[in-house]
Amino acid sequence: MYIASGPLRVTIKYVEERASTCIFQRGIRLALRDRYGGKKKIAIDLKTKDPAKVARLVAQLNAQLEAEWDALEQDPQRTPRAVSLPGGSPKLSPADALLDR
């Protein structure tokens with residue numbers, strides 16, 4: 001997804017645009033895939049196409065996943081937590097998210 005303002009064009013990483021929404025997609029680190037049932041990626045419907053909202057949600061989800069993955073790599077006994085959309089939206093576990101699309 002892109003945000004454009006005049007000649008400036010900014011790419012928002014980890015986003016796939018669909019007809020009516022944007023999907024946050026992030027590949028699961030290779031070392032952690034077994035803890036996610038062998039899945040290769042996590043995908044979450046952001047339920048918006050507004051570029052400003054998408055950018056904010058992606059930044060928050062990405063930070064949450066990075067922190068979670070760092071903690072999982074530090075503790076082999078830890079299991080993945082649910083990933084939650086910022087702003088009080090319902091939590092989505094990796095199984096509830098759109099996986100391996």
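Biologist: In β5, which residue is the bridge partner of glutamine 25?
Modeller: This is a predicted model, in which local features need pLDDT of at least 70 and side-chain atom pairs count only at pLDDT 80 or more, while totals for chains, interfaces and linings use all residues. Residues are numbered from 1 along each chain as its sequence is written, and side-chain values use heavy atoms, with hydrogens and water left out. Strand β5 (residues 41-45) pairs with β4 in the antiparallel sense over five bridges, where pairing asks that DSSP finds at least two bridges between two strands. In β5, the bridge partner of glutamine 25 is alanine 43.

Biologist: In what order do the elements of the chain run from the N terminus on?
Modeller: Helices (H or I, at least four residues) and strands (E, at least two) are DSSP runs, numbered from the N terminus. The chain has one helix and seven strands. From the N terminus on, the order is β-β-β-β-β-α-β-β.

Biologist: How many of the six residues of strand β4 are buried?
Modeller: Buried means under 20% relative accessible area, exposed means over 50%, and partly exposed lies in between, with a 1.4 Å probe and protein chains only. Across the 101 residues of the chain, buried residues make up 33%. Strand β4 (residues 22-27) is largely enclosed by the rest of the structure, because the number of its six residues that are buried is five.

Biologist: The structure holds one aromatic pair; what is its geometry, stacked or edge-to-face?
Modeller: Rings of Phe, Tyr and Trp (its six-membered ring) pair if their centres lie within 6.5 Å, and planes under 30 degrees apart count as stacked, over 60 as edge-to-face and the rest as tilted. There is one aromatic pair in the structure. With ring centres 6.2 Å apart and planes at 65°, tyrosine 14 and phenylalanine 24 form a pair that is edge-to-face.

Biologist: How many residues apart are the two partners, tyrosine 14 and phenylalanine 24?
Modeller: Phenylalanine 24 counts as buried at 0% relative accessibility, whereas tyrosine 14 is partly exposed at 28%. Tyrosine 14 also has a positive phi, near 70°, in a residue other than glycine. The pair links distant parts of the chain, with tyrosine 14 in the loop between β2 (8-11) and β3 and phenylalanine 24 in strand β4, and their separation in residues is 10.

Biologist: With the side chain of which residue does the side chain of asparagine 62 make a polar contact?
Modeller: Asparagine 62 is found in helix α1 (residues 51-74) and counts as buried at 19% relative accessibility. Leaving out residues up to four places away in sequence, asparagine 62 touches Tyr14, Phe24 and Arg26, where contact means heavy atoms within 4.5 Å. A polar contact is a pair of N or O atoms within 3.5 Å; within protein, one must be able to donate a hydrogen and the other to accept it, and residues adjacent in sequence count only if both atoms are side-chain atoms. At 2.3 Å, the side chain of asparagine 62 makes such a contact with that of arginine 26.

Biologist: What is the distance in space, C-alpha to C-alpha, between isoleucine 44 and leucine 61?
Modeller: Isoleucine 44 has its place in strand β5 and is buried, with a relative accessible area of 1%. Isoleucine 44 and leucine 61 are 17 residues apart in sequence, and their C-alpha to C-alpha distance is 9.4 Å.

Biologist: Is lysine 47 buried or exposed?
Modeller: Lysine 47 is found in the loop between β5 and α1, and its phi is positive, about 60°, although lysine 47 is not a glycine. At 65% relative accessibility, lysine 47 counts as exposed.
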